[in-house]
Amino acid sequence: MGRVPDHLIVLVNDPDQAAADYAALGFTVQQRHDSAHGSAAYRFVSFEDGSYILITAFTDPEALKKHRLGPLLAAGEGWGDYSFTELDIIALTAKLTEAGSRVAGPVDVGNTIADGSKWSLKLLMTGRGTGGDDALPFVVEDVEGRSHRIPTAKPHANGATGISRMVIASPTAESTANMLALISGGTVTGASSYEGRDAWDIDAGAYRITVFADDPAAPLGRKGGGLYATELRGAKAVPEMDMKLTHGALLAIRD
């Protein structure tokens, strides 16, 4: 059984407009009221399976220039990164290092919300920001207050309940798939195709991952690879959501 997907980051320029647009798509959008605000503003779309979409906007132009995701937002709104939850991030770090993957961290992250509740976690980067494979995710281990870190899931008018499949673009797809199987706790089930390109599928239990070969010279997704599309689980299928309202993120619901 695979590790639980934690959150998917969609980069936007205006968090309030993005929140209104996601609400128009039938999502319940929430806000976490942290006592200290850094260089970004966040809105949350929380699901029953424990995962969430994190609508992210940078509020400090200088911080944006220095951030590992800055070049992505400069190229346009859309998916920025994705992550998994891990119970022992130190052990996973050792496994990834032994397997030859570049990592950065883990580092401690935390905050206090308005009612005094605290949340904290350890964050390990395995993709962007490591100088390695940009198509890989980051990983978090909750230390305290996961229920404070993530707003409680509320029903969505569109019926979405969680992640069914993540589609990852990579210029080194087979290698990425093998490393991503280690990170996600899933199993590579074999070669397939996606939009006419070679792909590898990972069975992670409650969800699956498809990694497809993206041309590094003229990438279909983000330069260097990464999260390309997300399929959510729900009672009513929505084959493709309006990308103007998703702010560039390929998003669908499968019944």
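Trainee: Which strands does helix H4 lie across?

Mentor: This is a predicted model. In it, H4 (residues 89-98) lies across E5, E6 (118-125) and E7 (138-144). The angle between H4 and E6 is about 5 degrees.

Trainee: What's the strand order in the sheet?

Mentor: E2-E3-E1-E4-E7-E6-E5, seven strands in an open sheet with mixed pairing. From one strand to the next, the twist averages 25 degrees.

Trainee: Which strands stand at the edges?

Mentor: E2 (40-46) and E5 (104-112). Each has a single partner strand, so one side of each is left without a neighbour in the sheet.

Trainee: In what sense do E2 and E3 pair, parallel or antiparallel?

Mentor: Antiparallel, over seven bridges, with E3 covering residues 52-58. Ala41 stands opposite Ala57 in E3.

Trainee: Change of topic. How many residues are in the largest nonpolar core?

Mentor: 44. Phe27, Met166, Ile168, Leu180 and Ile209 have the most contacts inside it. Helix H6 (residues 173-184) gives the largest share of this core, six residues.

Trainee: And another core apart from it, which residues are in there?

Mentor: That one has 18 residues, including Tyr52, Leu69, Leu72 and Met125.

Trainee: Back to Ile168. What is it in contact with, leaving aside neighbours within four places in sequence?

Mentor: Ile168 is in contact with Tyr82, Ala135, Leu180 and Ile209, then Thr210, Val211 and Phe212, and also Gly226, Leu227 and Tyr228. Of those, Leu180 and Ile209 are also among the residues with the most contacts inside the 44-residue core.

Key. Residues numbered from 1 in each chain as written. Predicted model: local features only at pLDDT ≥ 70, side-chain atom pairs only at ≥ 80, totals over all residues. Heavy atoms only, no water. Core = buried A, V, L, I, M, F, W, Y, C linked by side-chain atoms within 4.5 Å. Buried < 20%, exposed > 50% of the residue type's maximum accessible area, 1.4 Å probe, protein only. Helix = DSSP H or I, 4+ residues; strand = E, 2+ residues; numbered from the N terminus. Contact = heavy atoms within 4.5 Å. Pairing = 2+ DSSP bridges. Axes fitted to C-alpha atoms, helices over the stretch in contact; angles between N-to-C directions.
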